[in-house]
Amino acid sequence: MSSTINRRDLDFLLYEVLNVEELCERELWSDHDRTSFDAVLDLADQIAEEKFLPLAAQLDEHEPEFDGEKVHILPGVKEAHEAYIEAGFMAAHVSNEDGGMQLPLTVSHAAQAIFSSANISALAYLGLTKSAANMLDVWGSDQLKQKYLPHMRSGRFYGTMCLSEPHAGSNLADIRTRAEPQEDGSYRLYGTKMWISGGEQDISENIVHMVLAKVPGAPAGVKGISLFLVPKYRLDENGNSAERNGVNLVGLNHKMGYRGTTNTLLNFGEKEPCVGYLMGKENEGLKCMFHMMNESRISVGMGAVTLGYAGYMHSLQYAKERPQGRLPGEKDPNSPQVNIIKHADVKRMLLQQKAYVEGGLYLALFCDKLVDDIRTGDAAQQKDLAIFMDLLTPIVKAWPSDYCLKANELAIQVLGGAGYTRDYPVERLYRDNRLNPIHEGTNGIQGMDLLGRKVRMNDGYGYQLLVRYLNETIAEAKNTEPLNEYAQSLEHALQALSATTEHLTSAASEDIKLATANSTVYLNAFGHVVVAWQWLKQALAANRGLAAAQGDDQDFYRGKLAACRYFYRYELPQIHTQLALLDQLDDTCLNMPEASF
Amino acid sequence: MKILVAVKRVIDYNVKVRPKADGSDVDLANVKMAINPFCEIAVEEAVRLKEAGTATEIVAVSIGPKQAQEQIRTALALGADRGIHVETDARMEPLAVAKTLKALIEKESPDLIIMGKQSIDADNNQTGQMLGALTAMPQGTFASEVKVADGKVAVTREVDGGLQTVELNLPAIVTTDLRLNEPRYASLPNIMKAKKKPLDTTTPDELGVSTEARVNLLKVELPPERQAGIKVPDVDTLVDKLKNEAKVI
């Protein structure tokens, strides 16, 4: 059983709040039922606990090394990967015809969450390979797919994403890697890529890089970017890895966290010729790369949740077992010390973590279910749901990576001095999680995306959907006795957010710089309203469950109601200060002269 | 060669076991259940014999409530070919289990019966031996190695003094010890395939077996909580306490 994610919570969210069993009524997933979903999660629990978790601290301590020729990774990583691959997790989401298990994203992602909470940096290679394989599946020619895809699905070849360059990270418009067309239809690549995770390793037989580059004469900016498949070894006629292609490791980056995942600087075409194959059409590389952006941003949010969750579970266990001090009013020095979980302030720190990580887990699973619904659900609703998903994408990426990182900080605080040492996992979890506000579009970019684009797109239709969905939950909660207090707070918060949103969008048409200057503040407030809404949904389900619950289940549901109460009493009110600042179109940051820093 | 494997539904080994409030039995409400670890080893051994070409069919049997079908599905996902569920809500004692298995053996005529040496819930370690007596089949218990050849099975047994190898004529009964093998993980495709494998159900009544309990369960309670240790000032006090308080010397 996983010690890093509470399986009772995962089951509650999947079956009692999201009702994933309804997906089995759709033709695509009609072979499944709760027993097969449970079996998948049980298997993930088992392999994560036995193969991934025991390796996590060791892998952090012994990060991969480059001896000038080869990269060496702790051998246990390969063993853990083999267990994962042999069990079929690489293709869990793939259709039956292609050898997969044809699972809904919600369930395959829930299984993924169990692995990533156990050891995210060992898992990352596999996640990247899946993404690269999915991309090949959508954009590769039949010939490319035939040659590479089965090997990526079977875990024989791994994959990477090569976007950033030393001078161009967040802004891809300025990349310089060039791809020159050859007579045989292939391309030769020249350039340097930076921050490439899994760019070199000694685990898989071959590495398939997905590389953004520009063809000579292409338009300037993002409209001139194309996507290429570049293997580390070119394949011979029999499909085996043969001749070395000109992709070379320059060096490894030495990171704060995620230390088990190599992060590389790669040169293309520096010494030997570097052959690449076009994916999709020339100049449409960014479209190909971001086709599955919603899913990759959910994945980053989910990764952040799982690290926060693991820290919460660890600090909770510690607080239950660590005796220290006596309660206020206890004056007898001979009385036994209490376990620290009895102290009100420790409870506060645990409840805050619980509210963040369980709220974040639901947010990520909710978005996964949206993706499943967009794919298979009621045709009349699909368009609405797709617009709503676009609106939530910056939230599901940024909110968990901000607040579940805060949860990691609180976990360290619960352990006190012990938490600050490397003898306990909570500092590692914090370091691992510190990546998530940075990659896959920094949270600053997510704020700009939300306020500058998403709330304004389609004449604000996405935002109108948000209002509609929230009001449905508010109406339900108003009629549910212990929850009507929260329904009112949420209604009030939503009205305030709507007023600010309207104010900012109209201000944007006059002065876009001023209107978006505080978009990160807007992102936080918006995220809190969304998560408050989702906590209310969790509370409604917990309230239903509580009616017939006994024993542990009663405690579980009461815990959900308490975390919801915490979120509404301690967290949600904070948005009103933030919205007031936004309403004033505050220019403190915008107009700060550089010279005055 | 046909192999019959018995699998039992028990509390997952990770779960901390608690008695019911009234002390009448172990509390199973909302507790994670799993296949008994020794039975999992039995399934793995059968699957290996099939992979080696020695066995042709593996039948997994479980006796227990409706939900015991989950454990049969697990065995099917690990590689068993079909399942038989003997449905009963009775508290099955080893003798009743052995009689039920005997009835199934008469129907199925397996060449080899592999089962766990004991289940981690009741820890009786009796069923295999009782089944041997009831069927007059030879038995090799506590197996750490199993080799089938020429109508015989050589079983290496883990005994107190070391290892003992016995050779049994088939059909025979083998009970597994922990070191026999390391069970594989089920794979996701096999979990899906297992859903489509045949699973027959029957009852002890239909098999003509009585499930009547022969042992009265009086009470289930937790062992006394361990007290904190103390420091003793000298050896004399220690000896005194060992003699008079702990009464161990």
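**Salt bridges and cysteines**

Modeller: A network of salt bridges links Arg7(A), Asp11(A), Arg34(A), Asp38(A), Asp42(A), Asp45(A) and Lys32(B); a salt bridge is a side-chain nitrogen of Lys or Arg within 4 Å of a carboxyl oxygen of Asp or Glu. This is a predicted model, in which local features need pLDDT of at least 70, side-chain atom pairs count only at pLDDT 80 or more, and totals for chains, interfaces and linings use all residues. Residues are numbered from 1 along each chain as its sequence is written, chains are lettered from A and ligands numbered from 1 in the order in which they are written, and side-chain values use heavy atoms, with hydrogens and water left out.

Biologist: What is the N to O distance in the salt bridge of Lys32(B) and Asp42(A)?

Modeller: Lys32(B) lies in the loop between β2 (9–11) and β3 (33–35) of chain B, and Asp42(A) in helix α2 (residues 34–52) of chain A, so the pair joins two chains. Helices (H or I, at least four residues) and strands (E, at least two) are DSSP runs, numbered from the N terminus. The N to O distance in this salt bridge is 3.5 Å.

Biologist: How many disulfides does the structure hold over all chains?

Modeller: A disulfide is a pair of cysteine sulfur atoms within 2.5 Å. For Cys274(A), the nearest cysteine sulfur, that of Cys162(A), is 9.6 Å away, and Cys274(A) is in no disulfide. Over all chains, the number of disulfides is 0.
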